[in-house]
Amino acid sequence: MDALRKQASKLREQVAKQQQAVIKQFSATGYESSDVMVIDEMEMQLHHQLDKLYKSTREKRDFQKEIVKAAETFTAIGYKHIETGSKLSEDCCKYGVENPNDEVLAKAASIYGDARKHAEKEVEDLNKLFFSQVLEPLRAMVTGSPLEDARHLAQRYSKMRQEAEIQAAEVSRRQARVKEAPIPENVAKLHAAETKMQELKANMTVLGKEAAAALAAVESQQERLTFQRLVAMVEAEKLYHERVAVILGNIEAEIVSEKQRKEAAPPVATLAVNPPAHIPEKTKYFLAEAIHSFEAESEKELSLSVGDYVVVRKVTQSGWSEGECQGRAGWFPSEYVEKRQRVPTSNGATEVY
């Protein structure tokens, strides 16, 4: 009978040692989950809460790292964009200066080159916002002491719980020894093991609550900060695209307007004269009054003010007329004047009736 008891005691010791070896093998890093009931139901709930918080804060930290990585990539691409755009701006401005005879394309290149500089400035501002409002705050959170301190408390609790599991096995072993041989020495060792177990229990309760509170606070901060940084990214990109859209819209309007102005410019002097159909063929000149003001943009054009009288000498189908006003001659839009009186030119004079 004694032999059976001794064999059973040895078997229990072997099982306890194997459990300790497994615990030691899987407790090298981090907070390790364990379902061994070493204290009571309350302690088990605290253990599961810590395990959940530890994993949750780790997942949120990894997500923050991914956002940082993406923002770093966006920033790197942004600076490459600035480099390429600045080179294109220089090339466009250079073409505009070196090819003055190519009026339409040279002007368009100059307009685009100048505006391109403003677009690259917006990219630079976006990069600065990414750095100050996304990269720096999230990096500080990922590597900050609050997270590390909270995780360190959880790891300490995990190690203490492993000690408690080992101590629980020791208490069970001492209880078996007392049952086998209830001598004073075995009883004293059992009491010592139980006392140590109670101390571990009290320390675990305090440390577990402290670790849970710290991890919960960090998790809340992670959620709040990550959400705020995502919103900041959206707002920064939205503002960037809105400003660039305005710049591109202005470029398009200015280039198209310049092209249309060039196409509607007064014809050269060699163009055929095409007087309006309502003017008799024998009449070459007629008197007109300006009904709209017109500001000349070249030496070939004639500035007019409302009420000015103009001797119209040529009218073309392109919508421009040529005439003389107050000793000045040039081209002006035909629709800016109205006919008032004919001027016969049988002798070549410019006499007004």
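Is Glu 185 buried, exposed or partly exposed? Glu 185 is partly exposed, with a relative accessible area of 49%.

The model is a predicted one, in which local features need pLDDT of at least 70 and side-chain atom pairs count only at pLDDT 80 or more, while totals for chains, interfaces and linings use all residues. Residues are numbered from 1 along each chain as its sequence is written, and side-chain values use heavy atoms, with hydrogens and water left out.

**The whole chain**

Show the protein chain as a cartoon. It has five helices and five strands, and from the N terminus the order is α-α-α-α-α-β-β-β-β-β. Helices (H or I, at least four residues) and strands (E, at least two) are DSSP runs, numbered from the N terminus.

The accessible surface of the protein chain is about 21800 Å², and carbon and sulfur atoms account for 54% of it. Areas come from the Shrake-Rupley method with a 1.4 Å probe, and for residues only the protein chains shown count as cover. Of the 353 residues in the protein chain, 36% are buried. Take the contacts (heavy atoms within 4.5 Å) between residues at least 6 apart in sequence: 68% of them join residues at least 24 apart.

**The nonpolar cores**

Select Leu 50, Val 134, Leu 138, Tyr 157 and Leu 215. These residues have the most contacts inside the largest nonpolar core, which has 39 residues. Helices H2 (41-98), H3 (103-143), H4 (145-180) and H5 (184-263) each supply at least two residues of this core. H5 gives the most, with 15 residues. Another core, of 14 residues, lies apart from it; among its members are Ala 288, Leu 302, Trp 331 and Phe 332. A nonpolar core here is a set of buried Ala, Val, Leu, Ile, Met, Phe, Trp, Tyr and Cys residues joined through side-chain atoms within 4.5 Å.

**Salt bridges on the helices**

The structure holds 19 salt bridges, each a side-chain nitrogen of Lys or Arg within 4 Å of a carboxyl oxygen of Asp or Glu.

Lys 189 is partly exposed, at 34% relative accessibility.

Next, select Asp 51 and Lys 55. Their side chains meet in a salt bridge of 3.5 Å, N to O. This pair is also four residues apart, in helix H2, so about one helical turn separates them. Asp 51 is buried, with a relative accessible area of 10%, whereas Lys 55 is partly exposed at 38%.

Which residue forms a salt bridge with Arg 139? It is Glu 72, and the closest N and O atoms are 2.4 Å apart. Because Glu 72 lies in helix H2 and Arg 139 in helix H3, the pair ties together parts that are 67 residues apart in sequence. Glu 72 is partly exposed, with a relative accessible area of 34%, and Arg 139 is partly exposed at 33%.

**The strands**

Select strand S3, residues 320-325. Five of its six residues are buried. S3 runs antiparallel to strand S2 (residues 309-315), and four bridges join the two; strands count as paired if DSSP finds at least two bridges between them. Ser 321 in S3 is the bridge partner of Val 315. The hairpin of S2 and S3 has four residues between the strands, and Gly 319 there takes a positive phi near 95 degrees.

Six bridges join S4 to S3, and the two strands run antiparallel. Gly 330 in S4 is the bridge partner of Gly 323. S3 and S4 form a hairpin with two residues between them.

The last stop is Gln 326, in the loop between S3 and S4. Its phi is near 55 degrees, a positive value in a residue other than glycine. Most residues other than glycine have a negative phi. Gln 326 counts as exposed, at 63% relative accessibility.

Definitions and conventions:
Buried < 20%, exposed > 50% of the residue type's maximum accessible area, 1.4 Å probe, protein only.
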